[in-house]
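Q: I would like a close look at one residue and then at its wider setting. Please keep it brisk.

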2 protein chains.
Amino acid sequence: MNENKKTIITNISQKIFSRYGLIKTTVDEIAKAARMGKATLYHYFKSKEDIYREVVEKENRFLAQKINEAIDKEDTPKEKLKAYITTRMKYLNELANIHSALTEEYLDHYAFIERIREKNFQQEIKTIRTILIDGNNKNLFSIEDIELTSFAIISALKGLEYPWSTEISLPKIQENIDKLLDILFNGIVKR
Amino acid sequence: MNENKKTIITNISQKIFSRYGLIKTTVDEIAKAARMGKATLYHYFKSKEDIYREVVEKENRFLAQKINEAIDKEDTPKEKLKAYITTRMKYLNELANIHSALTEEYLDHYAFIERIREKNFQQEIKTIRTILIDGNNKNLFSIEDIELTSFAIISALKGLEYPWSTEISLPKIQENIDKLLDILFNGIVKR
DNA sequence: TTCTCGACCAAAATCGTTTTTCGTTCCATT
DNA sequence: AATGGAACGAAAAACGATTTTGGTCGAGAA
């Protein structure tokens, strides 16, 4: 099995899927862009869906890697959490396929999309939990139910990813993130 | 102008729009259900879209009223905020038209839907701000930037409304709301 | 004068049929 | 084992005819 060919196909189809999505992209298009016959694609992949799954999983791994790198650069759990959300949003904007996979309704009925969403979610839970446990251990946080708190924080952060308001400038988005993190850390109740 | 007829049309069409949505509902259907001729509907309303706008705005007013009633019943800003999110979610589940108006992509390009979304959002901002100011005045909260904090809290609460996770039981949803509110109030940083 | 509604109009949607496209496989060749 | 042009069959798109639907007209009743 030629892993190099598989990688070529993945890289090339990644770009085309980014631009046109799963439906509008044709196998013929991918084959031509990769300078191969269509049958060759089927030598390396099970189906068109399989190519797309590989592309989305690749971007999900890349996203996780970038998030982990950003978190590892910080010392305090506070900075880690901040790095987490900032990096996640930055790369979700860049990685069109994983972004689509997580948000587009037309992909809802694909089983593999469901698995990727679950995986991405478990990655989120794990990452947040790790940061919270670290915060508790360093006596900076005071969290009793780590699991529930992780879940609640992810809910809150989802509100940042969801395109619910149309007229928010980019500076305001960063201000919003900063303030939300401030509230999540310190709360609004007087100390 | 017979306000009673207008009300009859609005109430009847509200039920039909709830069930079938804007597209699948026909003017003929509404006319028959209201026991009127089609032309009569056009005597009271500008267009089909105009009837739908009236229905959605009616539900939005009702939602606001229910939220205000729930908030007024509480004494503390904490309880008010809790009542706010609980009541909002409860009634958004019941009021199919305003719920659709706020969330359905196929309605995105209607100007009146944009205005309703903006109005609903301003209502949210105003309600949250009022609660936060009350909290500050009672020396319970310690908020410097009311506007930004309102905005950030709304972001966080949006994460609860967004159907981002598929396998959440109803009890878990309530737990999640409670924990998120706890975090918003007290933060996770050790006090 | 206001309100009502059946008939009508034009545009949009639906339908059945035909044509084209596309995901996948076949099979000969390298 | 890997390759790729051709072929296959199902699905999607295109097409033209027909039906449906949003909205209006104009006569009549209240």
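Which residues does A:Arg88 touch, not counting residues up to four places away in sequence?

A: This is a predicted model, in which local features need pLDDT of at least 70, side-chain atom pairs count only at pLDDT 80 or more, and totals for chains, interfaces and linings use all residues. Residues are numbered from 1 along each chain as its sequence is written, chains are lettered from A and ligands numbered from 1 in the order in which they are written, and side-chain values use heavy atoms, with hydrogens and water left out.

A:Arg88 touches A:Leu63, A:Ile67, A:Leu102, A:Asn120, A:Glu124, A:Lys158 and A:Glu161, leaving aside residues up to four places away in sequence. Contact here means heavy atoms within 4.5 Å. A:Arg88 sits in helix α5 of chain A, residues 77-94. Helices (H or I, at least four residues) and strands (E, at least two) are DSSP runs, numbered from the N terminus. A:Arg88 has 2% relative accessibility, so it counts as buried. The cut-offs are under 20% relative accessible area for buried, over 50% for exposed, and partly exposed in between, with a 1.4 Å probe and protein chains only. One neighbour also makes a polar contact: the side chains of A:Arg88 and A:Glu161 pair at 2.6 Å. Such a contact is a pair of N or O atoms within 3.5 Å; within protein, one must be able to donate a hydrogen and the other to accept it, and residues adjacent in sequence count only if both atoms are side-chain atoms.

Next, A:Ile125. This residue belongs to helix α7 of chain A, residues 111-137. A:Ile125 is buried at 6% relative accessible area. Beyond four places in sequence, A:Ile125 touches A:Glu147, A:Ser150, A:Phe151 and A:Ile154. A:Thr149 is 24 residues from A:Ile125 in sequence and 9.9 Å away, C-alpha to C-alpha.

Now the domains. Chain A splits into domain 1 (1-45) and domain 2 (47-186). These bounds come from an automatic or database domain assignment. The C-alpha centres of the two domains of chain A are 29 Å apart. Between them, 15 residues of domain 1 contact 14 residues of domain 2. The two domains bury about 1400 Å² between them, and carbon and sulfur atoms give 68% of that area. A:Gln14, A:Leu22 and A:Phe45 supply 44% of what domain 1 of chain A buries against domain 2, more than any other three residues. Buried area is the accessible area (1.4 Å probe) that two parts lose on being put together, summed over both.

Last, the DNA. DNA strand C is surrounded by 17 residues, and A:Val27, A:Lys38, A:Lys48, B:Lys5 and B:Tyr44 are the closest. A residue is near a strand if one of its heavy atoms lies within 4 Å of it. Sugar or phosphate accounts for 61% of the atoms of DNA strand C within 4 Å of the protein; bases account for the rest. α3(B) gives the largest share of the surface near DNA strand C, four residues. Phosphate oxygens of DNA strand C lie 2.9 Å from a side-chain N or O atom of A:Tyr42 and 3.0 Å from a backbone N or O atom of B:Gly37.

Around DNA strand D there are 18 residues, with A:Lys5, A:His43, A:Tyr44, B:Val27 and B:Lys48 coming nearest. α3(A) gives the largest share of that surface, four residues. A side-chain N or O atom of A:Tyr44 is 2.4 Å from a phosphate oxygen of DNA strand D.
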